[in-house]
Amino acid sequence: LPGSYYNCLIADNVGTGLGNRTDGLGTTSLYGVTIVNNVSDSAAAITGAAYVEAYNSVIYGNVGAEGKTSMLGRADHCVLDIDAAIATGCENADPFLVSPAKGLYQPCDFSPCRGRGNLECPRSDVDLAGLPRLTDGVLDIGAYQYDASVRHIEATMSVAAKFVYAPAQVSFSAKTCGLGRDGVTFYWDFDDDGTVDFVTTAPMFVH
């Protein structure tokens, strides 16, 4: 719908007819919103068309009808995976939110959303969680400011099998939040025997 929206979270919806604004009734302006992982049978999931403008927002992982693409009219300091007719200060990248699967949509420690917001764009005083919108004078992109108290550690491996047999290479990755961006050390116990098998400061590696 036309209007201005602040600090909104639209996530994990599956629907019919959610898509492009084509009515010409006015502009939908999004300020500090997070729109992720929505699925629609329309051209775009939730967002799209020249009537939608996004500022300091995350738009990522939304899936529309095959063969159709979405495009914003304007995007200013956004982290997204769609195009905009006019884009300023945007990054096409994974926003690295803490854990959308667990309902944690804050930016994690190394998220490109941190400190990348445009202070000149309209904004509210607090984020969706009620935290101040400015942290040490910087503005984060999306519905939430970074919150160091949201602690989360997540580890994944590239194969689904419980056992792999040598010689084999397996890719591992870990995502952390609330532990700081520097000085984090990962201790990996590959066979769950209580003995550390590998130590690294890199969150992603091949072993």
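A polar contact is a pair of N or O atoms within 3.5 Å; within protein, one must be able to donate a hydrogen and the other to accept it, and residues adjacent in sequence count only if both atoms are side-chain atoms. This is a predicted model, where local features need pLDDT of at least 70, side-chain atom pairs count only at pLDDT 80 or more, and totals for chains, interfaces and linings use all residues. Residues are numbered from 1 along each chain as its sequence is written, and side-chain values use heavy atoms, with hydrogens and water left out.

Asp127 sits in the loop between strand E14 (104–107) and strand E15 (152–157). Strands (E) are DSSP runs of at least two residues, numbered from the N terminus. The side chain of Asp127 reaches two backbone nitrogens, listed here.

| Side chain | Backbone nitrogen of | Distance |
|---|---|---|
| Asp127 | Ala129 | 2.9 Å |
| Asp127 | Gly130 | 2.9 Å |

Beyond residues up to four places away in sequence, Asp127 touches Asn7, Arg133, Ala143, Tyr144 and Gln145. Contact means heavy atoms within 4.5 Å.

Asp127 is buried but has no salt bridge. Buried means under 20% relative accessible area, exposed over 50%, partly exposed in between (1.4 Å probe, protein chains only). A salt bridge puts a side-chain nitrogen of Lys or Arg within 4 Å of a carboxyl oxygen of Asp or Glu. Lys and Arg count as positive, Asp and Glu as negative; His and the chain ends are not counted.

The structure holds one salt bridge. Arg116 pairs with Glu91, with the closest N and O atoms 2.5 Å apart. The two lie 25 residues apart: Arg116 in the loop between E14 and E15, Glu91 in strand E12 (residues 91–92). Arg116 has 31% relative accessibility, so it counts as partly exposed. Glu91 has 27%, so it is partly exposed.

How values were computed: Helices (H or I, at least four residues) and strands (E, at least two) are DSSP runs, numbered from the N terminus.
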